[in-house]
Amino acid sequence: MTTTAPDSDDAPADESAATTDADADAPLLQVRELEKSFGGITAVDGATFEVERGTITGLIGPNGAGKSTTFDLVTGVQTPDSGQVVFDGTDITGWRPHQAANRGLVRTFQIARELDEMTVLENAMLAPRGQVGENLWRAVLPGVRKEVVRQEEQLREQAWETLEFLELDHLAEEYAGALSGGQRKLLELARVLMIEPEMILLDEPLAGVNPTLEEKLLDRLHSLRDDGYTFLLVEHDMDVIMNHCEPVIVLHQGEVLVEGSPEQVKNDDRVLEAYLGGEV
Amino acid sequence: MSARVDDGMAAVSEWFDGRSDAALLLVLAVGLYALFTGVSLVLGYDLGGIVNTLRRITFLSAIYAMLVLALNLQWGYTGLFNLGVAGFMAVGVYTMGMLSTAPTTNPPGLGLPLPIGILGGVIAAALVGAVASLPALRLRGDYLAIVTLAFSEIVRLTYRSPVFETFSVAGLSLGTGGSTGMSLPTNPIRILFYENSQEVTSPPSAFGEAVFGTFEAIGVRAPVVEGTAYAIVLLFVVAGVYALLRRVGNSPFGRVLKAIREDETVAGALGKDTRLFKVKVFALGCGLMGLAAILWRIGGLASTADFRPITTFYVFVALIIGGAGSNTGSVVGGAVFASLLFEGPNFVRRVVTQYVDIGIGQTPSTIFEAVGPLASLDVTPLLAYTISDVNVSALRLVLLGVVLIYLIQNRPEGLLGHRTETAASVDLSERPGGEDR
């Protein structure tokens with residue numbers, strides 16, 4: 001059981017993405033009784049669910065079901081009113097986003113947020129954990145800078161490999177702002193992969209992506225899962241959810257409505273009712 | 001006509017793009033020196049006058065280049081809208097003054113050695129910068145601007161307050177001089193030329209005697225020689241600050257700064273503690289602003305009038321001209337601003353008064369008296385009014401306004417703002433090893 005304090009940001013960068021934890025059977029992410037209100041609107045109302053290691057878990061629900069807010073609460077972008085988030089045995093409730101990321105839990109955004117005025121390669125090289133050159137003195141002082149340069153050479157190679165894996169390498173020197181919508185989604189994925197996290201929360205990674213690219217992206221997700229990554233995926237495209245996610249969690253009005261295999265969810269009357277908004 | 005201007009502008013930018021930074025700065029320096037030598041000749045200056053003119057633009061360009069480089073780190077790189085530049089400059093100068101002026105002068109200081117005073121001033125400015133950034137961490141854009149602007153005014157008014165004119169701490173008396181200001185230690189360059197550099201009346205040292213003698217023979221007087229030597233030293237300081245900030249920018253640290261500028265939420269989501277980076281950037285930038293201000297005022301008087309918000313505004317204009325985000329652009333912006341826009345109007349006034357006979361006491365005192373004679377096609381009163389001593393600083397503001405409007409419409413990224421200054425400690429332009437890996 002890890003008991004990392006919230007302040008210890010310096011997770012080792014070379015930590016393997018594959019789960020080597022002794023407690024390998026326990027769920028990687030546990031969300032308990034999460035609540036969050038904005039004024040009079042309760043966005044998340046006691047959501048409780050778990051994500052098992054090595055799965056691509058789907059999170060679906062009609063608009064306003066609280067999917068994005070749940071993501072924000074889990075990754076620390078917002079603080080829950082009550083409830084608990086446990087990641088890999090550590091209570092990370094109320095941690096700030098950079099702390100969660102350094103612990104191995106990262107997210108992408110629903111609307112791709114690129115760092116427009118930075119090149120694709122710079123975007124990718126920004127992400128990795130434990131960069132010694134992020135220390136101001138090490139970046140500047142002669143002598144110690146050698147180590148920074150050596151690490152930078154490694155990161156550059158790693159960035160090229162990641163971009164190749166996602167077929168973005170031909171765009172490496174372009175500004176991120178010049179990319180198309182689909183390419184931005186790929187770059188977001190490249191960035192979080194560079195962190196080498198244990199778990200990635202993907203907020204609608206396929207919105208605005210053309211079918212060919214979509215196939216490619218899903219293919220990559222599967223091979224990454226086989227490498228030991230865990231995914232939690234919000235998506236509106238039911239075909240994607242039904243064909244690629246297992247299990248599927250359905251959120252409705254801030255609560256978990258149903259959880260199960262795609263078949264179970266597909267055939268559940270409550271899910272249809274939630275989506276269609278009436279009696280079935 | 002306007003098409004021709006645009007073509008010219010395009011040609012200029014193309015030319016800028018194709019040059020190395022060193023060549024660019026060299027050409028700029030030669031150009032400015034040639035221009036001001038020419039103007040001095042038109043004004044009929046002797047060699048001493050020409051050297052003095054060049055000394056002045058070098059000095060101002062160096063000071064502005066340093067200030068702009070520091071602001072570029074905060075605003076150009078990190079996107080922190082710090083409108084308190086003048087306040088942090090004042091902290092540097094006043095701390096240095098209080099530490100290093102002699103206890104016998106009025107206001108008294110602690111009389112510590114000058115290097116300690118300078119270091120103390122820089123550290124104080126950095127610390128105050130770090131503290132000022134703490135409440136500002138949660139604020140973005142405009143709100144940070146308002147807080148820092150108010151902060152710089154609080155600093156200025158505190159130094160101006162009669163309460164701190166002279167005061168004692170733990171039995172030591174020191175002071176800011178309030179509204180009369182504080183005379184600062186003598187310029188450290190005097191060590192080269194005088195036996196006792198801290199005494200204004202000190203006789204020159206043997207080396208000083210020789211140097212002054214040589215230059216006196218060709219018509220350059222001792223104070224000009226001294227000032228020119230100081231301006232040259234400042235150029236080296238600028239080079240040092242430039243090298244430092246280039247290293248900061250071309251590193252993983254600089255990459256995070258750029259990411260904060262682009263989207264702070266993303267930087268946080270990627271595991272970067274953005275608040276820590278912002279505090280560091282504030283401290284480093286403000287420390288450098290303090291240093292620039294110390295080097296600007298040393299050997300003269302520290303007066304709160306020098307640290308009004310207009311000073312902050314000037315530094316921002318220089319950065320906008322040079323191009324936010326580019327260190328080379330910052331130096332170019334500082335030099336172009338200081339020599340052409342800041343000093344330019346004074347030279348225009350001198351040239352005009354030399355060639356147009358305005359007549360003593362003929363300068364109109366109101367705009368109406370100046371415009372009225374236009375009806376009879378007499379432009380002299382308007383010209384006299386525009387370039388009079390009183391209005392030359394207003395003329396500078398008009399000029400700044402015109403330049404800003406032109407830039408924003410035609411080249412919003414500034415002279416060099418579109419340049420990529422790679423945020424990495426290694427070359428990113430091609431993949432080592434290439435395809436065969």
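Strand 3 (residues 56-60) of chain A runs parallel to strand 9 of chain A, and three bridges join the two. Strands here are DSSP runs of E with at least two residues, helices are runs of H or I with at least four, and both are numbered from the N terminus; two strands pair if DSSP finds at least two bridges between them. This is a predicted model, in which local features need pLDDT of at least 70, side-chain atom pairs count only at pLDDT 80 or more, and totals for chains, interfaces and linings use all residues. Residues are numbered from 1 along each chain as its sequence is written, while chains are lettered from A and ligands numbered from 1 in the order in which they are written.

Within this pairing, A:Leu59 has A:Ile249 as its bridge partner. Strand 9 of chain A is also joined to strand 10 (residues 255-260) of chain A, antiparallel, by five bridges, and A:Val248 is partnered there by A:Gly260.

Is strand 9 of chain A buried or exposed? Five of its five residues (248-252) are buried, so strand 9 is largely enclosed by the rest of the structure. A residue is buried if 20 or more other C-beta atoms, placed from the backbone, lie within 10 Å of its own, exposed if 12 or fewer, and partly exposed in between.

The largest nonpolar core has 176 residues, of which B:Met66, B:Leu67, B:Met289 and B:Ala292 touch the most other members. Such a core is a set of buried Ala, Val, Leu, Ile, Met, Phe, Trp, Tyr and Cys residues joined through C-beta atoms within 7 Å. Helix 3 (residues 47-77) of chain B gives the largest share of this core, 16 residues.
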